[in-house]
Amino acid sequence: MSTGRAQILDRIRKGLGRKAGDPTNPALDRIQAHQKNLIPKRAQLSQDQRIDLFIKEAERVNATTSRISRFDTVPSAVADYLRRHNLPAVVKIAPADDLRALPWQAGSAITVSDGRGEASDAVSVALAFAGVAETGTLVMASSPESPTTLNFLPLDHVVVVRAADIAGDYETVWEQLRARAAKAGTDVMPRAVNFITGPSRTADIEQTLLLGAHGPQRLHIVIVDEPPA
Amino acid sequence: MHPTSPHFKENARAALADKPLQAALAKLAVGFPQRRLEAASRLPEFEALRDQARDIKTHVLENLDRYLEIYESKVKESGGHVHWAETAEDARAKILEICRKAGARTVTKSKSMIGEEIAINDYLENNGIEPVETDLGEYIIQLRREPPSHIIAPAIHLSLDQVADTFLEKHADLDRNRELHEPRALLEEARAKLRGKFLGADVGLTGANMLIAETGSNVLVTNEGNADLTYGLPRVHIVIASLEKIVPTLEDASTILRVLARSATGQEMSVYTTFCTGPKRPSDLDGPEEYHVVLLDNGRSRMIGSEFHEMLRCIRCGACLNHCPIYKSVGGHAYGWVYSGPMGAVLIPNLIGMDEAAHLPNASTLCGKCESVCPMRIPLPTMLRRWRQRQYSARQTGTFARTALRLWAGLAKRPKLYRLVMGLGVAALGQLGGKGRFKSLPLAGGWTGVRDLAAPTGDTFLAQYHKGPRGDQSGDLMRKGFRS
């Protein structure tokens with residue numbers, strides 16, 4: 001036990017006029033209920049409208065998007081992106097089976113390696129856990145198949161998200177994480193959940209907006225309509 | 001840092017004469033409020049969300065002991081450690097101990113107001129560990145050895161030329177004749193310099209925008225991505241947070257996120273919102289091996305149940321700074337310590353004591369703009385008044401002000417006498433001033449020293465109000481009464 005813990009808690013209880021050992025615990029009740037608060041109307045949409053809003057909001061914050069129907073055409077969408085920005089055809093992909101199994105070399109002549117992000121990686125391709133239409137936000141959940149460093153070290157960040165995984169609001173994503181944890185018998189939260197809304201930016205020098213501060217300078221989102229197998 | 005708050009008046013005078021600062025503040029005064037307004041108007045539920053955000057923190061503070069206990073147990077469950085720190089000194093010592101144990105030589109740091117509050121950088125440096133600020137603005141002011149002048153835009157007081165000069169001086173290994181006239185060039189240089197620091201750091205020190213009791217997570221909100229490279233690359237992640245940062249659930253955090261960025265920068269959402277929970281899992285390819293949270297009290301538990309209790313709802317968005325006529329005139333450094341603006345004027349006396357911070361609650365026109373934009377609806381003007389009342393009761397208010405206040409109070413409690421004296425005063429000043437302005441007046445040097453005082457024309461407001469009927473003419477009366 002650290003020093004000061006008891007003193008701090010005592011002072012708080014004294015300030016609140018309460019004694020230790022009170023059997024009711026409204027805090028525990030609230031956590032167990034984890035009720036949703038107000039969800040903006042903007043986020044409550046049909047599946048098609050959700051995807052349209054997601055694209056609109058993501059592009060508002062300087063992300064680019066492409067929408068494809070089949071998952072196995074992800075490499076050609078990535079190849080288009082590399083060509084458009086005159087980038088070498090070398091990418092680091094997240095070590096997820098879905099991505100590894102794609103025809104990178106055969107179809108699009110892209111050299112891929114997989115693993116965590118390294119300083120030398122120029123372009124990464126990662127798979128999102130979800131998207132949130134409300135603000136055009138990607139949700140990345142860390143795991144051995146989804147290393148966090150891939151989202152921050154490269155200058156160009158390409159993220160694949162399945163249309164079916166685009167939710168209206170953040171709250172839906174928490175429900176999905178809870179459901180996944182209940183099924184697998186694990187904790188709700190992986191080590192890192194990263195909400196990403198556009199490419200990195202700063203306005204710290206004379207309030208001038210510049211993209212590409214410490215994280216990626218460009219964020220490209222590939223939306224795949226095909227539902228997961 | 002040693003507070004210069006006792007010298008607020010001198011600081012303010014210097015700030016008003018500082019041309020680059022005034023140019024920066026003029027830009028801030030337009031940009032931030034405008035963008036906040038646009039973001040708020042894009043979200044019809046914004047006001048209702050502010051109510052809910054306020055209610056969440058009100059509930060948390062009423063149960064803070066319980067939430068802290070739950071939060072602590074959740075952090076432990078996820079494999080992390082919680083260290084309680086009553087004072088800044090306790091927090092510094094704990095952080096140093098963790099760094100030493102990790103054999104740390106370099107600590108990267110993402111912007112943290114608590115880090116500023118406990119002056120962790122100086123402490124680490126004095127103990128042979130190099131702290132590196134990674135937020136661009138914080139990096140710049142660290143090079144210049146200055147405190148931040150704004151919660152979310154710490155280098156807002158500097159011009160591009162000042163930053164360029166700092167880089168030329170401090171990045172002495174680079175070509176002296178390089179071009180640094182564009183913001184982009186400065187950013188590229190800082191990005192390259194800091195990349196090496198990110199990759200080489202042994203410990204990453206971050207703050208926390210929120211701590212979630214349900215999951216034991218800390219929330220980090222940035223636009224640059226520096227926090228994510230700070231916790232994501234080194235072997236050890238230390239979170240330093242004050243204890244009122246707790247929110248109950250992921251849903252509650254989401255509600256507060258909906259008002260945070262909109263109030264702060266006018267963004268719908270900041271670029272990176274990160275939820276860290278414990279150290280890396282056994283099969284993860286990256287992430288820190290150790291996860292520590294240092295929970296700082298530093299006077300906050302004493303605010304619980306006090307007349308400044310509600311200040312603990314603050315989420316450090318900076319909206320009250322951006323809308324404050326005083327902040328927009330003198331900037332953050334004049335306040336003389338880590339925090340500034342209306343939230344600083346309420347919080348600083350709580351943290352460093354009224355003796356040091358006596359001027360701050362008086363550095364306000366009580367116009368109420370801060371409360372009207374605060375996402376947590378903190379009654380800042382009311383609390384500024386409470387400090388003034390305390391000063392008056394403790395006889396910290398000067399003799400002149402006390403006498404004037406007593407005279408005023410005596411008059412204000414006797415309406416008939418008040419009207420008579422005001423009527424005479426207005427008539428006398430009107431006679432003396434004609435229809436013009438006073439360049440100086442006895443006892444009013446504080447005003448007339450820097451601007452003219454308009455001479456009153458016509459009767460007092462009440463006299464005019466009683467004279468004319470309501471309706472169309474009232475507009476005319478107003479114009480007549482307040483013509484300057």
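Colleague: How far does helix H4 (residues 64-77) of chain B reach from its first C-alpha to its last, and what span is expected?

Modeller: H4(B) has 14 residues and reaches 20 Å, close to the 20 Å expected at 1.5 Å a residue. The expected span is 1.5 Å times one less than the number of residues. Helices are DSSP runs of H or I with at least four residues, and strands are E runs of at least two, numbered from the N terminus. This is a predicted model: local features need pLDDT of at least 70, side-chain atom pairs count only at pLDDT 80 or more, and totals for chains, interfaces and linings use all residues. Residues are numbered from 1 along each chain as its sequence is written, with chains lettered from A and ligands numbered from 1 in the order written.

Colleague: Why is H4(B) called mostly covered?

Modeller: Ten of its 14 residues are buried. Buried means 20 or more other C-beta atoms within 10 Å of the residue's own; 12 or fewer is exposed, and in between is partly exposed, with C-beta atoms placed from the backbone. Among the buried residues are Leu64(B), Tyr67(B), Leu68(B) and Tyr71(B). Asp65(B), Arg66(B), Glu72(B) and Lys74(B) are buried too.

Colleague: What makes S1(B) and strand S10 (residues 290-296) of chain B a pair?

Modeller: They have five bridges, in the parallel sense. Pairing needs at least two DSSP bridges, so S1(B) and S10(B) qualify. In S10(B), Val293(B) is the bridge partner of Val82(B).

Colleague: Why do S1 (81-85) and S3 (130-133) of chain B count as edge strands?

Modeller: The open sheet runs S1-S10-S7-S4-S2-S3 in chain B. S1(B) and S3(B) each have a single partner strand, so one side of each lacks a neighbour in the sheet. The twist averages 20 degrees from one strand to the next. Such angles run from 0 to 180 degrees between N-to-C directions, with axes fitted to C-alpha atoms, for helices over the stretch in contact.

Colleague: Which residues have the most contacts inside the largest nonpolar core?

Modeller: Ala128(A), Val139(A), Ile240(B), Ile246(B), Ile256(B) and Leu296(B), in a core of 192 residues. A core is a set of buried Ala, Val, Leu, Ile, Met, Phe, Trp, Tyr and Cys residues joined through C-beta atoms within 7 Å. Helix H12 (residues 250-264) of chain B gives the most to this core, with eight residues.

Colleague: What does Leu296(B) contact, leaving aside neighbours within four places in sequence?

Modeller: Its partners include Ala85(B), Ile114(B), Ile118(B) and Ile240(B). Contact means backbone-placed C-beta atoms within 7 Å.

Definitions and conventions. Contact = placed C-beta atoms within 7 Å.
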